[in-house]
Structures are given as structure tokens and as C-alpha cells.
Amino acid sequence: MPSESKPQEERFGKALLQLQQLRQFNGPPATFWHGLLEAMAMVSGARLAVLLRQTGEETANWRRVSVWPQNTPPDSAAREFVNDLQAIAGDSRRQDQSVRFYRTAGAVPRTDCAIGVLLETDNAQEAWVAAFLYGSTPESQADVPLGFLRMAKSTPRFYQQHLAGKQSQAVLAHVSGVLDLVTILNAQKHYLAVAMALCNELAARHKSDRVSLGWLEENYVVLQAMSHTEKFERKTEAVKSLEQTMEECLDQDELIVWPPLEADSRVNADHGHYAEQQKTAFICSISLRMGGVPVGVLTCERNTDAFGDEEQRLLSLCGEMAVGRLSELKRHDRWLGGRMALAVKESLGKVVGPEHTWAKLTAILVAVALAVLFFGKMDYRVEAPFILRTDSVAIVSAPFEGYIDEVPVEIGDTVDKGGVILKLDTRDLLLQEASAAADVDRYLREADKARAGNLLAEMRIAQAQADQSKVRLSVVRYRLGQSSLKAPFAGIIVEGDLKKRIGAPLKQGDVLFRLAQLDGMYVECSVKEEDVHELRGDATGEFAFASQPNLRFPLKITRIEPAAQTKEKENIFVVRCGPGAKMETWWRPGMSGVAKLEVGRRTFFWVVSHRTIDFLRMYFWW
């Protein structure tokens with residue numbers, strides 16, 4: 001018995017020592033997790049252990065990370081344990097632990113125990129569970145291995161804190177080194193001095209055989225400085241090959257290493273050619289960016305060992321901190337003419353370059369719009385309402401008292417010269433005519449009778465009465481001739497709706513009709529006072545009737561009235577215009593519409609602003 005307990009004590013002590021060492025472990029995480037599983041299994045006496053990991057908040061799909069020992073003879077309890085791993089891990093995550101028992105029937109029945117423990121970590125986005133299988137463990141003794149596991153489950157948290165501390169120290173050392181480098185660079189006042197200092201410092205700190213700086217000039221990378229080399233011949237094949245290698249890095253704007261890592265998709269053919277040509281084992285090229293745009297390349301070469309990930313990040317950080325100083329001195333460390341030429345070139349580059357396309361397009365459109373606005377011209381026309389008028393208007397009135405008998409025309413009808421437009425009732429006149437004719441005949445017979453009787457006085461009286469009756473007869477017949485009113489000239493009836501008054505009495509002189517002559521109609525425009533000064537006496541234009549807005553007719557100004565008229569609380573000037581084409585048959589005096597009178601060519605700016613400018617001039621005038 002003492003001989004069996006001694007190996008167990010040695011194994012237990014070794015496991016405790018291993019757990020203590022794992023808390024300060026500096027190796028890769030995979031080695032740590034496997035060592036932790038082995039130590040926890042040994043310290044708790046497990047015969048089988050499995051480490052599972054899950055990311056996110058899901059309670060399924062736990063992934064096996066490590067198994068101890070590697071080759072375990074399968075039995076029924078082990079198979080049940082493996083099948084229950086997902087459930088054990090889920091219960092352990094919810095309850096921090098999980099305990100299960102497997103009873104095996106046979107010649108010698110036994111009870112195996114499975115224990116799952118949620119390991120403590122600093123990462124809330126993932127969960128780690130260690131599951132262990134113990135042979136021949138009664139339920140009353142399950143607390144013994146569980147106690148050892150609880151003691152060891154905090155080891156991952158100490159390991160992660162130790163790594164974080166180591167990383168913080170490394171970052172602090174990197175930051176301190178970068179700040180020292182920036183201090184050295186800022187102490188230099190000229191571009192080439194800063195470039196040489198950067199190359200020499202990086203070569204010394206990273207044990208590089210050579211560090212070179214290339215800068216983008218005229219779309220090509222030009223070698224600027226090489227560590228521990230004051231002068232170099234630019235036309236040599238080595239320098240050209242190095243510049244080509246730098247261009248490969250600049251074109252991709254990526255960090256490129258040689259030899260490349262597996263599954264590296266970056267193009268590195270020029271790096272390989274340069275490494276073979278110069279017998280260089282390891283190369284690391286870093287793109288230098290200024291404002292997100294690559295402007296230069298740092299290339300490090302050495303034959304001792306490859307550039308690791310941490311060293312690559314440090315080189316990139318050094319380049320980012322140095323590129324601002326290099327760019328500033330590159331611009332200003334030159335003679336005055338060179339600085340002015342560079343400023344002009346960059347300004348023109350911003351104007352014609354591909355950047356800010358929409359802003360430049362907007363600026364061009366605004367410039368074109370302003371040029372059109374101030375220099376472009378258009379035909380400007382004054383708009384004014386018009387009425388179609390005529391000077392030849394005849395007023396037809398009642399020639400004598402009477403009654404309307406017949407009205408063959410109405411407003412809007414066209415009549416010919418001499419056409420009957422109204423007839424008066426002539427029945428009374430016909431009676432008067434018959435009476436006057438009878439009186440003439442009677443008085444003539446009385447005169448003849450008096451002459452035959454030599455009655456001179458009676459004869460003269462009868463003769464005078466006959467003459468009087470003849471005059472009355474002439475008047476009646478004259479009125480009969482005027483009973484049919486006729487048009488004095490060819491025209492159109494513009495006033496006189498008398499068909500509804502047939503049989504109505506008339507007094508002598510009552511206005512019956514207004515007859516307008518179609519020939520000689522003109523357009524009378526009402527132009528506002530603020531626009532009349534723009535018109536010329538011989539200006540032309542167009543007019544359209546409100547009843548036919550789709551038709552346009554030419555016109556020409558014939559007269560501008562010298563005095564203004566007040567119309568609707570606004571001063572207007574009457575502009576008389578003659579139609580520039582043959583008058584249509586459907587034109588009627590009194591028809592209205594809109595006329596547009598030509599003023600001349602004006603700039604677009606004047607058209608849209610002259611009224612506002614005139615208003616402001618009057619408003620601010622004193």
C-alpha cells in the first residue's frame with residue numbers, strides 16, 4: 001500500500017507544480033490548454049478528460065479542443081461519457097459544474113463518475129468546460145475530485161491576466177521605442193537627414209542588414225536613403241531592382257514579406273526576384289500612408305531570421321509615426337521656386353484630379369450657370385393685356401317715333417352695305433299717306449272749281465291747302481322710306497339686341513344698333529408704367545386671343561399714347577398696334593387676350609433681377 005501511495009503523491013505534487021507554472025505560462029495558447037487539462041486530470045485522479053469550447057450565447061455545438069490521454073481503451077462508461085459531453089458542458093455553463101454517474105453491470109458491478117467544470121476566463125464571449133471521467137467512484141466520494149477541480153478552474157484567468165500584462169509591457173516598450181525614434185527624427189531639420197536617421201535607427205533596432213526608404217515621385221518610387229550609406233548610384237541595377245520591389249508594395253498598399261506565408265494572396269514576384277538577386281533571405285516592405293494615400297515605402301532586409309508578426313506591427317507603427325515628418329520636410333526642404341511650383345502643381349492636381357468628383361462637377365455646373373446667367377442673352381418681351389378695337393363705328397338710331405316691326409339681325413351678325421337691319425311698323429304711315437293723298441286730290445278739285453267760278457280768293461286758299469297736303473304727303477312718304485333701317489357700310493353688329501323688343505315703341509333718336517367696320521381693326525395694349533420705357537416706337541411682337549390661346553398673330557406698334565391712364569389703381573399706357581398679318585374672319589371688336597411686345601436681347605440676370613433692383617433702388621433712395 002505504501003508503495004502505491006508514493007507514486008500517487010509524486011503525481012499529485014507534479015500536477016500541482018504544473019498548475020502553478022501554467023499560471024505564469026508564456027507559450028502558445030494550444031499548449032497551455034492541453035497542459036491545463038492534463039494537470040487537472042492528474043490532480044483529481046481522472047482516467048479520461050476532455051476540454052470543450054463554445055463561443056456566443058448558444059447552449060449547443062460545443063467543440064472539443066483537447067483530449068487526455070490520447071489513446072484510451074473504450075468501455076461502456078467511456079462511451080456514455082463521450083455521448084453526454086454536450087449535455088455535461090451545457091449544464092456546467094449554466095450551473096458552473098455538472099456531476100453524473102454511470103453504473104456498469106457485470107461480474108463486478110461498479111459506478112463511474114463524470115464531472116464537468118466551467119473554467120474561469122476573462123473573455124465573456126466564450127466559455128471553456130473541462131469534463132472528467134473517474135472510475136469506481138461512489139456518489140458519496142464525488143466531492144473529493146470536485147474540490148480539486150474547483151481549486152484549479154481559476155488557472156485560465158491567471159494565465160490570461162499574465163499574458164495581458166506581458167502584452168502591456170511589450171506595447172509599452174514598443175511605444176517607448178517609437179517615441180524615442182520620433183524624438184530623434186524631430187531633432188533633424190532637413191529631409192535627407194531625417195530619412196538617413198530613420199533608416200539607421202530601424203536597421204540598428206531590428207538587426208537588419210539594410211533598411212531603405214523610397215518616396216513616390218511622378219508616379220514612380222524613387223530611392224531616397226539607405227542605412228549606413230551616404231551616397232549610392234541611382235542608375236545601378238541593384239537600385240532599380242529595389243525601386244521596382246518598393247513599387248510592388250506601394251501598388252498594393254500592403255505589408256509584404258519574403259518568403260511569403262502560406263495562403264498569402266499578395267503579389268510578391270519582385271520581392272522574390274530582388275531577394276534572389278541580392279542573396280537576401282528575409283525582406284519586409286511597409287507602405288507609408290499620408291492621409292490614407294500611400295506616399296512611400298520602407299524595405300528592411302536581413303539574413304538572420306524572419307520578421308515576425310509583432311515585429312511587422314512595430315515596423316508599421318514606426319512608419320506611421322515618421323511619415324508625417326518626412327512628408328512635411330519633403331514639401332518645404334527646397335528652394336522658394338520649388339515650393340511655389342509644388343503648391344501650384346498640387347492645386348491644379350486637386351482641380352483636374354479624380355478626387356471629389358461630385359464637388360467638382362457641382363462647381364463646374366455652378367460656374368456654367370453663372371456664366372449663362374450674366375453673359376447669356378435672350379429675347380425679352382413685355383407682356384400686356386389687349387383689346388381688339390376699331391375706329392369705324394356707326395350708330396344707327398330711330399328716325400322717327402314708331403314701333404319695331406321686324407329685326408332680321410342680332411349682335412355678332414355680319415351685314416353688307418345697304419342691308420336691312422331693322423324694319424319699323426308702317427301701318428300708321430300708310431294711313432297717313434292715304435289721307436294726305438286724298439286731301440291733295442280734294443283741294444285740287446276745289447281749286448279747279450273756284451277757278452272756273454272766277455273765285456280768286458277761294459282758288460288760292462284751295463291751292464295753298466293742296467300744297468300743304470302735298471308737303472305732309474312727302475313727309476309721310478319720306479318716313480316710309482326710312483322705315484327700313486339699312487347698314488351704312490359693311491360691318492358687324494356689336495350692340496343692339498332688339499329681337500326681344502318687337503312691337504315696342506321707339507322715340508326719335510333712340511340708339512338701336514352699333515355697327516363696327518371690320519376693316520381697320522387694331523390691337524390696343526395696356527402696358528404697365530414700369531415697362532413702357534423699354535418699348536420702341538417700331539417694335540414688333542405677337543398676340544393671342546383668350547378664346548384661341550394656341551394661335552399666335554404678329555403685330556407692330558404704331559403709336560404709344562403720351563399720357564398715362566389709371567386703371568385698377570395702376571398707371572398704364574395705351575399702346576396702339578396694327579396686326580402684322582391679314583385679319584381673320586372670326587375676329588370681332590372687343591375680343592381680348594395677351595400681347596407680348598419685343599424689347600430686345602437682355603441677359604438672363606437682368607431678366608430675373610431688374611424688377612427687384614428697381615424696387616431696392618426706390619426703397620433705399622433718399
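1. The accessible surface of the protein is about 36,300 Å², and carbon and sulfur atoms hold 55% of that (Shrake-Rupley method, 1.4 Å probe; for residues, only the protein chains shown count as cover). This is a predicted model, in which local features need pLDDT of at least 70, side-chain atom pairs count only at pLDDT 80 or more, and totals for chains, interfaces and linings use all residues. Residues are numbered from 1 along each chain as its sequence is written, and side-chain values use heavy atoms, with hydrogens and water left out.

2. Of the 622 residues, 38% count as buried (under 20% relative accessible area, 1.4 Å probe, protein chains only).

3. The radius of gyration is 60 Å, whereas a compact globule of 622 residues would have one near 25 Å (taken over C-alpha atoms; the globule rule is 2.2 Å times the number of residues to the power 0.38). The C-alpha trace spans about 205 × 85 × 50 Å along its principal axes.

4. The protein has 16 helices and 25 strands (DSSP runs numbered from the N terminus: helices are H or I with at least four residues, strands E with at least two).

5. Helix H3 covers residues 76-83, and Ala77, Ala78 and Phe81 are buried in it. These buried residues line one face of H3, because they fall within an arc of 100° when seen down the helix axis (directions from the axis to the C-beta atoms). They pack against strand S1 (48-55), helix H4 (85-95), and strands S3 (97-104), S4 (110-118) and S5 (126-134).

6. Among contacts (heavy atoms within 4.5 Å) between residues at least 6 apart in sequence, 67% join residues at least 24 apart.

Technical notes
Buried < 20%, exposed > 50% of the residue type's maximum accessible area, 1.4 Å probe, protein only.
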